[in-house]
Amino acid sequence: MKRSFIQVVREALGLLWNDIKDVKWAIMLVIAYFALGKYFLYSLCPMVVITGYPCPGCGLTRAGIGLLRLDFAGAFRMQPMIYPIVLYLGIFCWNRYIRRCRMGTGLKILLIVVLVVVILFYLWRMCRYFPGEPPMSYYEGNLLHLWK
């Protein structure tokens, strides 16, 4: 039976709402961390706060905001890996909410490939640009530095 566009959207939003309800405590903890961290920490990245070194995802938030502002070049400069991640999320959401399929082997392999590429790019960027301009900066006020 063919579903209408309205039915597809209604079912997708219902499934999304159920997924949000299933992880509501995790979402609330993340929101609380960001809300409190903005006022009490110099960085919202846990790896930066603990070690002072940038993580493989450093710059993703700023790149995502750049995409939302349609600043594609700025997003690429901040974190080029935003594009494979957005592509993966788009494919995942299409399969999960529109097609209503489970995460198959192909999506799992694609996720592993994206994560490996992100880590390899991080290692390249650390060798080439660290320490430099944000997000590739070292923060001396980290917890490990304070405990010495």
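The model is predicted, so local features need pLDDT of at least 70, side-chain atom pairs count only at pLDDT 80 or more, and totals for chains, interfaces and linings use all residues. Residues are numbered from 1 along each chain as its sequence is written, and side-chain values use heavy atoms, with hydrogens and water left out.

Helix α1 covers residues 5-22. Helices are DSSP runs of H or I with at least four residues, numbered from the N terminus. At 1.5 Å a residue, the 18 residues of α1 should span 26 Å, and the end C-alpha atoms are 26 Å apart, which agrees. The expected span is 1.5 Å times one less than the number of residues.

Val8, Ala12, Leu15 and Asp19 are the buried residues of α1. Buried means under 20% relative accessible area, and exposed over 50%, with a 1.4 Å probe and protein chains only. Seen down the axis of α1, the buried residues fall within an arc of 65 degrees, so they line one face. The arc is taken from the directions from the helix axis to the C-beta atoms. Ile6, Arg10, Leu13 and Trp17 are exposed on the face turned away.

Helix α6 (82-98) is part of what covers the buried residues. In this contact (heavy atoms within 4.5 Å), Val8, Ala12, Leu15, Leu16 and Asp19 of α1 meet Arg96, Tyr97 and Ile98 of α6.

Threonine 51 lies in helix α3 (residues 46-51). Its C-alpha atom is 7.5 Å from that of histidine 145, 94 residues apart along the chain.

Note on methods. Helices (H or I, at least four residues) and strands (E, at least two) are DSSP runs, numbered from the N terminus.
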